[in-house]
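Open the model in your viewer and switch to a cartoon view. This tour goes from one selection to the next.

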Amino acid sequence: AFTEPTVLEFGASWCGHTQAAQADIAAVMKNHPTVRLIKIEDGKGRPLGRSFRVKLWPTLVYIEKGAERGRVVRPNDPAEIEAIFAS
């Protein structure tokens, strides 16, 4: 189980939406140095993405103390990503 704060980034390296979000994700993560970022290459039939009900990329899931605390799907700007930490 995840005990430290963690962001799971579900995406695909070939996906334009995933690629477009990388700069914003990196910028926001700099504001949260104690949060670990794990990038997960997702795709059809990949069980981990399905277990998190991921349908679109990128999907960022913020987990703290083993529970989901925030989620954003296809963020368009840093503020949308930052919002997952506010809950």
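Helices (H or I, at least four residues) and strands (E, at least two) are DSSP runs, numbered from the N terminus. This is a predicted model: local features need pLDDT of at least 70, side-chain atom pairs count only at pLDDT 80 or more, and totals for chains, interfaces and linings use all residues. Residues are numbered from 1 along each chain as its sequence is written, and side-chain values use heavy atoms, leaving out hydrogens and water.

Start with the loop between α2 (47-51) and β3, and select P58 there.

R53 counts as exposed, because its relative accessibility is 56% (exposed is over 50% relative accessible area, buried under 20%, partly exposed in between; 1.4 Å probe, protein chains only).

Next, select R74, in the loop between β4 and α3 (78-82). Phi is positive here too, near 50°. R74 is partly exposed, at 30% relative accessible area.

Now show the sheet. It is open, with 4 strands in the order β2-β1-β3-β4 and mixed pairing (two strands pair if DSSP finds at least two bridges between them). At the edges are β2 (36-41) and β4 (67-73), each pairing on one side only.

Zoom in on β1 (residues 6-11). It pairs with β2 in the parallel sense, over 6 bridges. Select F10: its bridge partner in β2 is I40.
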